[in-house]
Amino acid sequence: MTKGAALQQFFDSFLPAYATNAVPDDVVFPYLTYSAVFDAFDGQPVSLTVNLWYYTTSEALPNAKAQEISDALGIGGKVLPIDGGYIWIRRGSPFCQALADETDKNIKRRYLNITAEFLCQN
């Protein structure tokens, strides 16, 4: 599995997921976007940004989804198998921030920081 496919599969397990540069015009809430950042062995840990997008008056749903992702990462992170190695992903700091949308108060956004180490040759 490629690096991109592994990240896509992981994030799709929570909500419909789209790379930040590939969100369809007709996207339906809720969904998440993530930065598709890649590296290889001997590189430094990289930061992946994940945004959860909800259309709701409640804070409960986006907070619960952020907690679900945190739980899936656990204390030591999660290892994603890829062709020729692994991606080790874990919570970044701060892990989650609630952000307001200036266009509509019912759009709830959670900004998640995830750190990734690419344990692979290429």
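1. Let's start with Lys65 and its neighbours. Leaving aside residues up to four places away in sequence, Lys65 touches Phe14, Leu15, Leu52 and Tyr54, where contact means heavy atoms within 4.5 Å. Lys65 sits in helix H2, and with 13% relative accessibility it counts as buried. (Buried means under 20% relative accessible area, exposed over 50%, and partly exposed in between, using a 1.4 Å probe and protein chains only.)

2. A word on the model: it is predicted, so local features need pLDDT of at least 70 and side-chain atom pairs count only at pLDDT 80 or more, while totals for chains, interfaces and linings use all residues. Residues are numbered from 1 along each chain as its sequence is written, and side-chain values use heavy atoms, without hydrogens and water.

3. Now look along H2, residues 60-73. Helices (H or I, at least four residues) and strands (E, at least two) are DSSP runs, numbered from the N terminus. At 1.5 Å a residue, the 14 residues of H2 should span 20 Å, and this agrees with its end C-alpha atoms, which are 20 Å apart. (The expected span is 1.5 Å times one less than the number of residues.)

4. Which residues of H2 are buried? They are Pro62, Lys65, Ala66, Ile69, Ser70 and Leu73. These cover an arc of only 140 degrees around the axis, which puts them on the same side of H2; the arc is that of the directions from the helix axis to the C-beta atoms. Their cover includes helix H1 (3-12) and strands S3 (46-55), S4 (78-82), S5 (85-100) and S6 (107-120).
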